[in-house]
Amino acid sequence: MPKDDARIARARAAWRFRGQTRPDFAVEPCPGQESVWDYPRPPAIRPEPRPVRVLAGELFLADSIRAVRVCETGSPPTLYVPPQDVAMDLLTVSPTRSFCEWKGQARYFRLEDAATPATDIAWCYPEPLAGFEPHAGWICFYPGRVACFLDGERVLAQPGGYYGGWITADIVGPFKGDPGTSHW
């Protein structure tokens with residue numbers, strides 16, 4: 001087995017929760033809500049019929065009715081928008097990179113505006129691993145760094161700053177990202 005394949009297999013095997021059973025500490029969802037502890041691992045990719053809108057101040061960064069939700073155990077969904085629905089001319093590629101054992105190597109983006117601090121506001125997987133290929137290059141924004149809306153509801157950011165989950169009123173946790181949750 002190639003070195004990268006072994007590394008990916010180890011990372012995938014390390015996850016304690018996989019969505020088959022909800023842990024005792026999970027919040028019980030009310031009618032019309034979803035528990036992130038019912039989401040699977042590997043993540044599920046689901047169509048998102050609700051409109052997605054992303055703004056930086058008054059700049060429209062994305063406006064889409066073709067987004068997908070990536071639902072993964074312990075995290076609020078991340079919403080990926082096709083690049084055709086993103087103002088790509090307002091974004092510049094960041095030097096930041098990260099690796100997800102389910103999706104592959106991520107590329108990050110910052111606002112092109114020189115007056116804006118050099119902060120990553122979005123990411124994509126340009127050459128994803130198997131299973132995520134139909135969404136290669138689709139963009140996901142950090143709701144804690146730009147204003148993200150789902151069906152008009154302002155989205156809350158996932159705790160911790162690293163993950164980019166979109167928390168809405170219909171999602172319950174607790175969510176990965178708070179101190180002491182890295183083992184989830």
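**View 1. F149 stands opposite R154 in strand 12.** The model is predicted: local features need pLDDT of at least 70, side-chain atom pairs count only at pLDDT 80 or more, and totals for chains, interfaces and linings use all residues. Residues are numbered from 1 along each chain as its sequence is written, and side-chain values use heavy atoms, with hydrogens and water left out. Strand 11 (residues 147-150) and strand 12 (residues 153-154) pair in the antiparallel sense over two bridges. Strands are DSSP runs of E with at least two residues, numbered from the N terminus; two of them pair if DSSP finds at least two bridges between them. Two residues lie between the strands of this hairpin. There, D151 takes a positive phi near 55°.

**View 2. Strand 3 meets strand 11.** The pairing is antiparallel and runs over four bridges. R53 has F149 of strand 11 as its bridge partner. F149 also stands opposite R154 in strand 12.

**View 3. E48 sits in a loop and is buried.** The loop runs between strand 2 (44-47) and strand 3 (52-56). E48 has a relative accessible area of 3%; buried means under 20% (1.4 Å probe, protein chains only). The E48 side chain makes a polar contact with the side chain of R69, at 3.4 Å. Such a contact is a pair of N or O atoms within 3.5 Å; within protein, one must be able to donate a hydrogen and the other to accept it, and residues adjacent in sequence count only if both atoms are side-chain atoms. Leaving out residues up to four places away in sequence, E48 touches I65, A67, V68, R69, L79 and L150. Contact means heavy atoms within 4.5 Å.

**View 4. The largest cavity has E48 in its lining.** Its volume is about 40 Å³. The structure holds one cavity of 30 Å³ or more. A cavity is a set of points on a 1 Å grid over the protein atoms alone where a 1.4 Å probe fits but cannot get out; lining residues have an atom within 4 Å of a point. Grid points are joined across faces, edges and corners, and the volume is the space filled by probe spheres set on them. Along with E48, the lining includes R50, R69, L150 and W166. By class, it has five nonpolar, one polar and four charged residues.

**View 5. The whole chain holds one helix and 15 strands.** A helix is a DSSP run of H or I with at least four residues. Of the 184 residues, 48% count as buried.

Key: Buried < 20%, exposed > 50% of the residue type's maximum accessible area, 1.4 Å probe, protein only. 1 Å grid on protein atoms, 1.4 Å probe; cavity = no way out; pocket = protein on both sides within 12 Å on 5 of 7 lines; lining within 4 Å. Nonpolar A, V, L, I, M, F, W, Y, C, P; charged D, E, K, R; others polar.
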